[in-house]
Amino acid sequence: MLAMNHYEHLLYERRGPVTIITINRPDRMNAIGPQTHRELVDAWGRFRADGDALVGVLTGAGDAAFCAGGDLKAALAGELPVNASPQDGVLGPSRWTDVYKPTIAAVNGVAYAGGLEWACWTDLAIADEHATFGVTCRRWNIGLADGGTQRLTRILGYRRAIELIITGRVVDAHEAERIGLVNQVVPRGTCVQRAIDLAETIAALPQPALRTDLEAARNGLGRPLDDGLLIEAECFNRSISAPETLEGLRRFNDRDHPDRRPGGTPVTPGIVRVTR
């Protein structure tokens with residue numbers, strides 16, 4: 001493992017192609033204050049720019065909280081950068097939409113308010129069985145500013161999302177899985193390792209077409225179908241001429257199949273191995 005960390009409120013680790021970013025304020029339920037905001041902007045910028053970093057995992061330190069949202073003590077003191085960086089967000093780069101690498105939230109405890117918004121920012125989410133989720137800032141008359149009103153409705157659909165947004169109701173991990181807020185619930189204390197395992201599976205695949213598909217899915221979301229198909233076509237036209245695509249075609253035609261090597265573990269999860 002190559003560890004790279006020059007932060008006070010985060011841990012930044014590279015494990016081969018997987019980058020793990022951990023909000024490291026367990027004494028404050030991993031709440032995000034002004035320094036945490038700046039460090040998250042820097043850390044996700046590093047991940048985006050690092051050609052060897054293929055998949056990102058976001059989690060929180062300890063086993064009580066993924067992230068409890070914004071640091072309300074800092075907010076009361078007027079220290080959160082509400083208007084200082086509108087292109088980023090209040091709680092870090094939550095308004096970025098162009099990190100075209102897969103990201104996974106490992107939700108190891110409460111994901112409240114801005115913490116829920118960060119769980120929604122990622123592409124996938126794995127939750128420990130004791131994790132809980134909610135727009136708990138509702139009780140303090142604090143609105144969502146880091147994508148919650150937009151991403152939650154896209155993930156859950158309007159009626160499920162708006163119920164959580166306007167009531168502030170907290171849901172447990174199993175309900176979160178049932179309504180589609182998280183992909184999988186795992187035993188307490190194992191979500192980070194499960195997220196890393198999933199990240200390594202994704203990182204083992206050819207990346208160019210994966211990234212253009214991710215770009216098309218994100219940019220086409222919520223648009224008319226005709227617009228989405230044009231976005232998909234543009235992304236496909238870029239990926240089809242990549243050297244990795246030509247190599248993939250060669251491997252297919254030479255039957256150099258990564259899921260059919262004798263004694264090997266299939267690269268593609270769930271694939272049926274046909275033997276002849």
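**Helices 4 and 5**

I started with helix 4 (residues 148–156) and helix 5 (residues 158–167), whose axes come within 7 Å and cross at roughly 140 degrees. Axes here are lines fitted to C-alpha atoms, for helices over the stretch in contact, and angles run from 0 to 180 degrees between N-to-C directions. Helices (H or I, at least four residues) and strands (E, at least two) are DSSP runs, numbered from the N terminus. The angle makes helix 4 oblique to helix 5; under 35 degrees would count as roughly parallel, over 145 as roughly antiparallel, 65 to 115 as roughly perpendicular, and the rest is oblique.

Before going on, I noted that this is a predicted model, where local features need pLDDT of at least 70 and side-chain atom pairs count only at pLDDT 80 or more, while totals for chains, interfaces and linings use all residues. Residues are numbered from 1 along each chain as its sequence is written, and side-chain values use heavy atoms, with hydrogens and water left out.

Which residues of helix 4 and helix 5 meet? I found G148, T149, L152, T153 and L156 in helix 4 against Y158, R160, A161, L164 and I165 in helix 5 (contact means heavy atoms within 4.5 Å). By class, I get six nonpolar, three polar and one charged. Nonpolar covers Ala, Val, Leu, Ile, Met, Phe, Trp, Tyr, Cys and Pro, charged covers Asp, Glu, Lys and Arg, and the others, Gly among them, are polar.

Next I looked at burial in helix 4: G148, R151, L152, T153 and L156 are buried. Buried means under 20% relative accessible area, exposed over 50%, partly exposed in between (1.4 Å probe, protein chains only). The cover over these residues includes helix 3 and helix 5.

**Helices 8 and 9**

I then went to helix 8 (residues 208–220) and helix 9 (residues 225–239), which pack at about 165 degrees with axes 9 Å apart. Helix 8 and helix 9 are therefore roughly antiparallel. The contact uses A209, T212, E215, A216, N219 and G220 of helix 8, and G228, I231, E232, C235, R238 and S239 of helix 9. I sorted these residues into four nonpolar, five polar and three charged.

**Aromatic rings**

How many aromatic pairs are there? I count four, where rings of Phe, Tyr and Trp (its six-membered ring) pair if their centres lie within 6.5 Å; planes under 30 degrees apart are stacked, over 60 edge-to-face, and the rest tilted. W118 and W121 have ring centres 4.9 Å apart and planes at 65 degrees, so this pair is edge-to-face. W118 and W121 sit three residues apart in helix 3 (residues 114–121), about one helical turn. W118 is buried at 1% relative accessibility, and W121 is buried at 9%. Ring pairs link W44, F47, W118 and W121 into a cluster.

**Positive phi**

M29 has a phi near 55 degrees. I placed M29 in the loop between strand 3 (18–23) and helix 1 (34–49), partly exposed at 34%. A113 has a phi of about 50 degrees and lies in the loop between strand 7 (110–112) and helix 3. A113 is buried at 9%.

**Whole protein**

Last, I noted ten helices and eleven strands, with buried residues making up 47% of the 276.
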